Amino acid sequence: PSWYEWALLIVIGVMSTVAQLFMNRALIVAETGAVLPIDFLRLVFVSILGAVLFAQPIDEYMWLGGGIILCSVVYIAQRESKDAGEARPRQEEDAS
C-alpha cells in the first residue's frame, strides 16, 4: 500500500477504536435496551453513505435485512423489559 493508503488504514483503526470505546461507555451509563436501537441506526447511515459516495443501490435485500434486524431488536427489547419487570421485587406497603 502507498503512504496515503497506510494513513487511511491508521485513521480507520483509530476511529474504530474510539467508536468501540464510546459504545462501551454508553453500555455502562445506560441500559442496553436504550443503547442498541440507536446503535442499529448505523444501518441507515451506512446505506445512505454507500448510496451517496459509492453509487451503491439500495435494493430489496437491504430492506429485508434491515427489517429483520429492526424486528429482532424490538422483540429483544420488549422481552428484556418484560423480564426486568418480573425480576423486580414488589414493595410491600406499610399497614400503619
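Helix 3 runs over 13 residues and covers 17 Å from its first C-alpha to its last, close to the 18 Å expected at 1.5 Å a residue; the expected span here is 1.5 Å times one less than the number of residues in the helix. Helices (H or I, at least four residues) and strands (E, at least two) are taken as DSSP runs and numbered from the N terminus. The model is a predicted one, so to speak of local features requires a pLDDT of at least 70, side-chain atom pairs count only at pLDDT 80 or more, and totals for chains, interfaces and linings use all residues. Residues are numbered from 1 along each chain as its sequence is written, and side-chain values use heavy atoms, with hydrogens and water left out.

Taken as a whole, the protein has four helices and zero strands, giving the pattern α-α-α-α along the sequence. The mean pLDDT (the predictor's confidence in each residue, from 0 to 100) is 82, and 86% of the residues score at least 70. Among the elements, helix 1 (residues 3-29) has the highest mean, 94, while helix 2 has the lowest, 76. Of the 96 residues, 6% are buried, where buried means under 20% relative accessible area, exposed over 50%, and partly exposed in between (1.4 Å probe, protein chains only). The protein exposes about 8,800 Å², with 67% of that supplied by carbon and sulfur atoms; the areas come from the Shrake-Rupley method with a 1.4 Å probe, and for residues only the protein chains shown count as cover.

A nonpolar patch of about 970 Å² is built from Ile38, Leu41, Val44, Phe45, Ile48, Leu49, Val52, Leu53 and Phe54. Patch members need over 30% relative accessible area and no salt bridge, with like charges joined within 9 Å and nonpolar side chains (Val, Leu, Ile, Met, Phe, Trp, Tyr) within 5 Å; a salt bridge puts a side-chain nitrogen of Lys or Arg within 4 Å of a carboxyl oxygen of Asp or Glu. Helix 3 (residues 42-54) gives the largest share of the patch, seven residues. Ile38 belongs instead to helix 2 (residues 32-39), and is exposed, at 58% relative accessible area.

Ser47 also sits in helix 3, but this residue is buried, with a relative accessible area of 14%. Beyond its neighbours within four places in sequence, Ser47 is in contact (heavy atoms within 4.5 Å) with Ile58 and Met62.

Just after helix 3 comes Ala55, with a positive phi of about 55°. Most residues other than glycine have a negative phi. Ala55 lies in the loop between helix 3 and helix 4 (60-87) and counts as exposed, at 63% relative accessibility.

Helix 4 holds Val73, which counts as buried at 15% relative accessibility. Residues up to four places away in sequence aside, Val73 touches Pro37 and Phe40. Val73 and Pro37 are 36 residues apart in sequence, yet their C-alpha atoms are 6.6 Å apart in space.
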